[in-house]
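Please view the sequence and the structure first, and then consult the notes grouped by topic below.

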Amino acid sequence: MGAGRRGSVGAAALLLVLVASSLLAVARAAAVGGGVDGGGGGGAGGEDGERLLRLWTDGGGEAGDQEDDVFMWDEEEDDDEAEEGHIMVWGNGKTERPATCRNVVNVDTFGAAGDGDADDTEAFRNAWKAACSLDNAVFLVPAGRRYKVGAITFMGPCKNKMIIQIQGTIVAPEEPSEWDPRSPRLWLLFSGLAGARIQGGGVIDGSGSKWWANSCKINKSNPCKPAPTAVTIDSSRGVRVKGLRVQNAQQMHLTVYRSRNVRLAGVRIEAPEDSPNTDGIHVAESTAVTIQNCRIGTGDDCISIVNASFNIRMKNIDCGPGHGISIGSLGKDGTFAAVENVALDTARISRAQNGVRIKTWQGGAGYVRNVRFSNVAVDDVDHPIVIDQFYCDARGPCRNSTSGVAVTNVLYRNISGTSRRAEAIRFACSDAAPCTDIVLRDINLRRSDGDGGGEVQTVCNCAIGFDNGRVSPAADCLRSSTCGGAPDHRPDDDDDGKGKPVAGTMPAPILHTEL
């Protein structure tokens, strides 16, 4: 009996411990969920947003503490590095044993040829259905093979802890005529996923050369038509993309759309400098997106952030060639746009048309606010710092308007390097919605040696703010800027960086097809 009672007491104690552990786990999950949501309210601010708003004042030690809190960059999670290594070895065919506790679904098992010629779309589709239905699944695209895949949707939700392990090469059909007309804008679509990891060190190749040749930007006589985005992450949360290479997209390379808490790390994106509309990473209608340790060189923006995007963080970005790192374009066709709490910390931008840029159309509405660009090195860039509220990327002329997207609370700090053009800093803001609270701190820009030397300058129109610390070129115009209408010249995307602008002339407008 004594032994029986001791056993009962021990079981009861164990039960209490399990209950307490469960309650603690629930509390921690609730706390994490609250942190990701940023305090609610559409994800557009919370305490982080308030701290970011105060950062530009930098009023001493207290502001420094706030800065450390807001920009505490956690490195990519490495808890699963051992497992990832195991999966990599197995995917390379060096062992017959799959990763521990993982259900590996190999596309070859479902009939994928992997020769770069046969159409493997159906094999990928069937393999995905199987993997998505399994716990702890690995959707494996093995190394050393080349899979031709057409437009396809990898639809969730899937079972827990899904891993998409891309070690080989996925290549799109080369001929636009082969494309599924039901999916004119999408190639590889990952939708409705939660907590998935996309990784493996493989290659996603959009075979975009014939799409580019048909672009209205290359041949003005061609109609302007949409082209597919190579990889789209849509309506997802907690997705991690790590160590992939995306190249030669038909149009944009990687889009994060209508998603939350997405991290992109160690991604390499490449396309020729003259490939049209080939944005590297495009963020739209998303919250809490981190882009870190990425190398991007394309024919358009390295990173573009557009409407309804909040709490976007970028760090250690290598950009160029291309059009720089941009917020926008926003407000086209009179639309409302909102972008808030965007931070770039540490970037190298070289051989690009722009460095860091905010671009909005006349006639729009809404706001861009609480933006910080810091620790940026520019090399041979046309215009290192740009706000352009007269952005116009259309075949016909853009009309003046009495409304615009407001740009406020923008900090540029520790930006240095060389500018190909005399106008290194250009704030072309509108009478309808002047730019306010624009701050330059510790700026050191000079003319590229190969462009005739000479001085660089800051040009302001309807831009109000101040400079702090050493700022070169001087930005006295921020303190005395008046609203005098649209500028005579602006840095358009068709500006090839050669020669000097001619006063009173406008470059031929071109069409940029955007989401």
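**Annotated site**

In an unreviewed entry, UniProt places the feature "active site" at His323; UniProt positions are given in the numbering used here, feature names are shortened, and annotations may be inferred rather than shown by experiment. The model is predicted: local features need pLDDT of at least 70, side-chain atom pairs count only at pLDDT 80 or more, and totals for chains, interfaces and linings use all residues. Residues are numbered from 1 along each chain as its sequence is written, and side-chain values use heavy atoms, with hydrogens and water left out.

- Histidine 323 lies in the loop between strand S20 (309-319) and strand S21 (325-330); helices (H or I, at least four residues) and strands (E, at least two) are DSSP runs, numbered from the N terminus.
- Histidine 323 counts as buried because its relative accessibility is 7%, where buried means under 20% relative accessible area, exposed over 50%, and partly exposed in between (1.4 Å probe, protein chains only).

**Confidence**

- The protein has a mean pLDDT of 81, and 72% of its residues reach 70 or more; pLDDT is the predictor's confidence in each residue, from 0 to 100.
- Residues 1-9 stay under 50 in pLDDT, and the model gives them zero contacts beyond four places in sequence, a contact being heavy atoms within 4.5 Å.
- Residues 13-19 also have pLDDT below 50, with zero contacts in the model beyond near neighbours in sequence.

**Overall make-up**

- Seven helices and 30 strands form the secondary structure of the protein.
- The protein has 515 residues, of which 53% count as buried.
- Among contacts with a separation of 6 or more, 75% are between residues 24 or more positions apart.

**The sheet of 11 strands**

- An open sheet with parallel pairing has 11 strands in the order S5-S8-S11-S14-S17-S19-S21-S23-S25-S27-S29; two strands pair if DSSP finds at least two bridges between them.
- Its edge strands, each pairing on one side only, are strand S5 (152-155) and strand S29 (457-461).
- Strand S11 (residues 229-234) runs parallel to strand S14 (residues 254-257), joined by four bridges, and isoleucine 233 stands opposite valine 256 in S14.

**Strand S25 and its partners**

- Strand S25 (residues 383-388) is largely enclosed by the rest of the structure, because six of its six residues are buried.
- Strand S23 (residues 354-360) pairs with S25 in the parallel sense over five bridges, and arginine 357 has valine 386 in S25 as its bridge partner.
- S25 also pairs in the parallel sense with strand S27 (residues 423-428), over four bridges; here aspartate 388 stands opposite alanine 428 in S27.
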